[in-house]
Amino acid sequence: MTQTSDNVTWLTQEAYDKLKGELEYLSGPARTEIATKIAAAREEGDLRENGGYHAAKEEQGKQELRVRQLTQLLEHAKVGEAPADDGVVEPGMVVTIAFDGDEDDTLTFLLASREYASGDIEIYSPQSPLGVGLNGKKAGDDAEYELPNGKKAAVKILSAKPYTG
């Protein structure tokens, strides 16, 4: 999955199917299961000191948050459409960079969200400092991004190719 500035989510068919299945489970059977847990815990008595009840309610809240996230993500999904192979860094691209122009100190990663990939490739979010610093640049360009300590780091973009997962 990859989100661009216009809030489109790019998904492979495999990722879309997996997320859709998760949403269907969380919206159906999982809701029934958590309601049953809450009802059973409620029958145990005093709710103020009922750890099982509070744990079940917390689990329900997390589950409902995930349902909302998946619903929004899938509403904006474009399935199976990879970005163009034009060397421009954008979500859905496998990017190779060299730190401080040192061609021996490189990093290759997928610029996307974790749901997009199905493999062992390292993933960086388009909203991360590195993602923001690289987005829209082309292979051969220099870029910089802000480190957590406030300093800037310089990189050279060696390549940007569509993820084929």
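This is a short chat about a predicted model of a protein.

Colleague: What should I know before I start?
Modeller: The model is predicted, so local features need pLDDT of at least 70 and side-chain atom pairs 80 or more, while totals for chains, interfaces and linings use all residues. Residues are numbered from 1 along each chain as its sequence is written, and side-chain values use heavy atoms, without hydrogens and water.

Colleague: How many helices and strands are in the protein?
Modeller: Four helices and eight strands. Both are DSSP runs, numbered from the N terminus: helices are H or I with at least four residues, strands are E with at least two.

Colleague: And what pattern do they follow along the sequence?
Modeller: The pattern is β-β-α-α-α-β-β-β-β-α-β-β.

Colleague: At what angle do helix 2 and helix 3 cross?
Modeller: Roughly 160 degrees, and their axes come within 8 Å. Axes are lines fitted to C-alpha atoms, for helices over the stretch in contact, and angles run from 0 to 180 degrees between N-to-C directions. That makes helix 2 roughly antiparallel to helix 3 (an angle over 145 degrees).

Colleague: Which residues make the contact?
Modeller: Among them are Ile 34 and Ile 38 of helix 2, and Tyr 53 and Val 67 of helix 3. Contact means heavy atoms within 4.5 Å.

Colleague: New topic. Is Arg 66 buried or exposed?
Modeller: Arg 66 counts as buried, because its relative accessibility is 16%. Buried means under 20% relative accessible area, exposed over 50%, partly exposed in between, with a 1.4 Å probe and protein chains only.

Colleague: Where is Arg 66 found?
Modeller: In helix 3.

Colleague: How much of the protein is buried?
Modeller: Buried residues make up 35% of the 165 residues.

Methods:
Angles under 35 degrees count as roughly parallel, over 145 as roughly antiparallel, 65 to 115 as roughly perpendicular and the rest as oblique.
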